[in-house]
Amino acid sequence: MLVILKRDAAEISRQAAQLVASAIRRKPALALGLATGGTMVAVYQELVRLHKAGSLDFSRVVTFNLDEYLGLPAAHPQSFHHFMQQNLFAHVNINPHNVHIPDGTVRGDYDHYCKSYEDAICQAGGIDLQLLGIGRNGHIGFNEPTSSLGSRTRLKVLNQETIDDNAKFFAPGEESPRCAITMGIGSILEARKILLLATGASKAAAVAKSIEGPVTSAVPASALQLHPEVTFVIDDPAAAQLTQRDYYLRVLQMTALLTPDRLS
Ligand code: PGA
């Protein structure tokens, strides 16, 4: 595990976009796992900037989003389909056939649909690089606390904290979704590389538990300790409860000296 500490959200998004861009330059047909949420907005802005500057080609990139609200059609302004379109896809040369986002309008045989989503990931050769945010409760994707660490893509009931966090994005009086389709923790752990971004003091407890606490389904992001190549990129407020900061900084210095590829 690599922990990259940055001053603020602006530095985080530049660093994250740079890591994603280098992965695409190394492998133009990268299978890229994408996340939504406020943390990702500036990362996508930076990727769009690099694309418009002519230095980043999405034409062969294949994407898989982590999750989608159940019941929201793609055109709903709070759907993750809409988020991705607004923040990234409409501004880069991605092939729409290469974009995969769970379908929030699926009905009936959820297991069959979720299995087909996993099959599409397999057919693409597995995810090369997975971007993740983290919830205040430690969720990744919509894997809420107590999600099985081996879970696969499935229908998931959201917990109240997540519903409350998201309610502000919905119109007054509009009920925010109670369920989602999400890749599982087991699905996420199969990505070859994982990049988790966290900004702001509200994430500090979840970040500390994920990096330094025990591996437990009570903190889904703690499962990332089981992954061989995960990088946390965290700003100062989100890193406030980490106890091993000096060590992470030393590891970073040595990584830059000995295996600089890991940081580019
Ligand atoms: P945020 O969401 O980026 O809006 O904080 C992250 C998450 O809940 O996964």
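Modeller: Let's begin with a term: contact, or touching, means heavy atoms within 4.5 Å. This is a predicted model, where local features need pLDDT of at least 70 and side-chain atom pairs count only at pLDDT 80 or more, while totals for chains, interfaces and linings use all residues. Residues are numbered from 1 along each chain as its sequence is written, and side-chain values use heavy atoms, with hydrogens and water left out.

Colleague: Which residues does Leu195 touch, not counting those up to four places away in sequence?

Modeller: Leu195 touches Ala16, Leu19, Val20, Leu129, Gln130, Leu131, Leu132, Thr231 and Val233. Leu195 itself sits in strand 9 (193–198). Strands (E, at least two residues) and helices (H or I, at least four) are DSSP runs, numbered from the N terminus.

Colleague: What makes Leu195 count as buried?

Modeller: Buried means under 20% relative accessible area, exposed means over 50%, and partly exposed is in between, with a 1.4 Å probe and protein chains only. Leu195 has 3% relative accessibility, so it counts as buried.

Colleague: And Ala21, is it buried or exposed?

Modeller: Ala21 has a relative accessible area of 1%, so it is buried. Ala21 belongs to helix 1, and it touches Leu47, Leu50 and Leu56, leaving out residues up to four places away in sequence.

Colleague: What makes a set of residues a nonpolar core?

Modeller: The members must be buried Ala, Val, Leu, Ile, Met, Phe, Trp, Tyr or Cys residues, joined through side-chain atoms within 4.5 Å. The largest nonpolar core has 74 residues, and Leu224, Ile234 and Leu242 touch the most other members. Helix 1 (residues 9–26) gives the largest share of this core, eight residues. A second core, also of eight residues, is separate and includes Tyr69, Leu72, Phe142 and Ala180. As background, nonpolar side chains in soluble globular proteins tend to be buried together.

Colleague: What makes an open space a pocket?

Modeller: Picture a 1 Å grid over the protein atoms alone: a pocket is an open set of points with protein on both sides within 12 Å along at least five of seven lines, whereas in a cavity a 1.4 Å probe fits but cannot get out. Lining residues have an atom within 4 Å of a point. The largest pocket is lined by 33 residues, with Thr36, Gly37, Gly38, Asn166 and Phe169 nearest its centre. Helix 3 gives the most to this lining, five residues.

Colleague: How do the residues of that lining divide by class?

Modeller: There are twelve nonpolar, 16 polar and five charged residues in the lining of the largest pocket. Ala, Val, Leu, Ile, Met, Phe, Trp, Tyr, Cys and Pro count as nonpolar, Asp, Glu, Lys and Arg as charged, and the others, Gly among them, as polar. The lining of the second largest pocket has six nonpolar, two polar and eight charged residues.
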